Amino acid sequence: MKIKIYGAGTWGTALAELLVQNGHDVTLWHYNIEFIKYIKKSLIHPNLDSHRLSKKIDFTSQIDLSHEIDFVVIAIPSQAIRDLLAKINFDEVSPIVVSVSKGLENHTGKTISQVISENPNIKYNKICVLYGPSHAEEVLKKIPTTIVASSPNNQVAVKIQEAFSNQYFRVYRNPDTIGVELGGSIKNVISLAAGICKGVGFGDNTIAALLVRGSMELASFGVKLGAKNKTFFGLSGMGDLIVTATSNYSRNRQVGEWIGEGVKLEQISNKMNMVVEGLETTKAIMVLAKKNNIEMPICSEVYKVIFEGKNALVAMNNLMTRELTLEYENN
């Protein structure tokens with residue numbers, strides 16, 4: 001297969017390496033020509049410097065697509081996807097478009113597949129999303145990893161499943177695209193909350209409660225938007241939440257920890273050289289929750305702590321002293 005990956009961040013780069021090893025013809029794009037010159041010469045990604053990349057990857061800053069392209073993989077920050085797609089000429093090509101960017105458009109609350117589908121030159125039944133618990137660092141080390149592909153077209157999901165899978169990277173299918181995307185995106189907000197809890201000094205009891213109640217909040221929200229409940233307890237939901245909320249590789253958890261320690265958001269921005277999707281997703285969740293009149297107590301408190309300067313201890317007290325209820329709705 002001939003595949004072009006837009007986005008040479010850690011995840012796009014790890015997938016380029018994976019797909020080359022699977023025997024595909026892979027081009028990896030980045031907008032910065034100087035970055036492309038550096039990575040092409042050194043075969044080292046600055047944020048993955050323990051791994052030497054394959055010479056078979058074609059590194060480029062040219063945005064155009066070749067006529068023979070089979071798959072396009074979108075691996076750039078969620079908020080930049082709409083603008084990127086507007087710059088790519090799809091007039092004479094009709095590739096499968098795969099989103100691996102986990103987030104929601106912050107001003108509309110739309111999932112990435114919804115954003116992609118609004119491009120008039122991309123067919124809706126050729127869109128696929130690929131989400132799940134998958135740190136780039138571990139995939140490059142060939143540590144066993146499982147994720148999930150979802151598309152409105154099962155044949156497309158099968159093609160992606162077959163193209164990406166190998167002995168250490170297994171892809172499942174799930175037809176619940178909205179559920180897969182919401183699970184893989186909103187878990188970043190709960191992961192920020194986990195980091196905040198660690199930063200203020202809370203322990204394992206709190207983190208366990210947060211993950212369970214957060215996953216239930218996520219599932220309840222998703223079901224009200226048309227997703228299936230069980231999706232949120234699969235790879236793109238609970239699986240991705242566990243790895244993002246507990247791993248030292250997680251940017252969302254790290255940022256949450258700094259916030260819990262009292263570090264200002266402006267200072268954090270200066271520390272990070274990579275995008276933290278959870279921050280923008282937190283904004284998008286509030287847009288969707290308000291639009292659909294859905295209560296999101298944990299996500300709402302996370303938003304207030306991050307963007308309104310609310311004290312994290314006060315936020316936790318508000319959550320702990322809410323009206324007492326049953327553990328499960330309709331129980």
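Reader: Why is lysine 142 called partly exposed?
Author: The relative accessible area of lysine 142 is 43%, and partly exposed covers what lies between buried (under 20%) and exposed (over 50%), with a 1.4 Å probe and protein chains only. Lysine 142 therefore counts as partly exposed. This is a predicted model, in which local features need pLDDT of at least 70, side-chain atom pairs count only at pLDDT 80 or more, and totals for chains, interfaces and linings use all residues. Residues are numbered from 1 along each chain as its sequence is written, and side-chain values use heavy atoms, leaving out hydrogens and water.

Reader: What makes the phi of lysine 142 worth a remark?
Author: Phi is near 65 degrees there, a positive value in a residue other than glycine. Lysine 142 sits in the loop between helix 5 (136-140) and strand 9 (145-150); helices (H or I, at least four residues) and strands (E, at least two) are DSSP runs, numbered from the N terminus.

Reader: Is leucine 43 buried or exposed, and how do you know?
Author: Leucine 43 is buried, because its relative accessibility is 6%. Leucine 43 also has a positive phi, about 55 degrees, although it is not a glycine. It lies in the loop that runs from helix 2 (33-42) to strand 3 (44-45).

Reader: Why is threonine 231 called buried?
Author: Threonine 231 has a relative accessible area of 3%, so it falls in the buried class. It belongs to the loop between helix 8 (204-224) and helix 9 (235-246).

Reader: What makes the pair of threonine 231 and asparagine 174 a polar contact?
Author: Their side chains are joined at 3.4 Å. A polar contact is a pair of N or O atoms within 3.5 Å; within protein, one must be able to donate a hydrogen and the other to accept it, and residues adjacent in sequence count only if both atoms are side-chain atoms. Beyond four places in sequence, threonine 231 touches Asn174, Asp176, Gly179, Val180, Ser236 and Gly237, where contact means heavy atoms within 4.5 Å.

Reader: How do you know that helix 10 is largely enclosed by the rest of the structure?
Author: Eight of the 10 residues of helix 10 (residues 251-260) are buried, so the helix is largely enclosed. Among the buried residues are Arg253, Glu257 and Trp258. The buried residues of helix 10 pack against helix 7, helix 9, helix 11 (265-271), helix 12 (277-292) and helix 13 (297-307).

Reader: What is found at the start of helix 10, and what follows the helix?
Author: At the start, a side-chain oxygen of serine 250 comes to within 3.5 Å of the backbone nitrogen of asparagine 252. Glycine 262 follows helix 10, with a positive phi near 100 degrees.

Reader: Which residues does lysine 198 contact beyond its neighbours within four places in sequence?
Author: Lysine 198 is in contact with Arg253 and Glu257. Lysine 198 is in helix 7 (residues 177-200) and is partly exposed, because its relative accessible area is 38%.

Reader: How many helices and strands does the protein have, and why is it called as compact as a globular protein of its length?
Author: The protein has 14 helices and 10 strands. Its radius of gyration is 20 Å, close to the 20 Å that the globule rule gives for 331 residues, so it is as compact as a globular protein of that length. The radius is taken over C-alpha atoms, and the rule is 2.2 Å times the number of residues to the power 0.38. Of the 331 residues, 55% count as buried.
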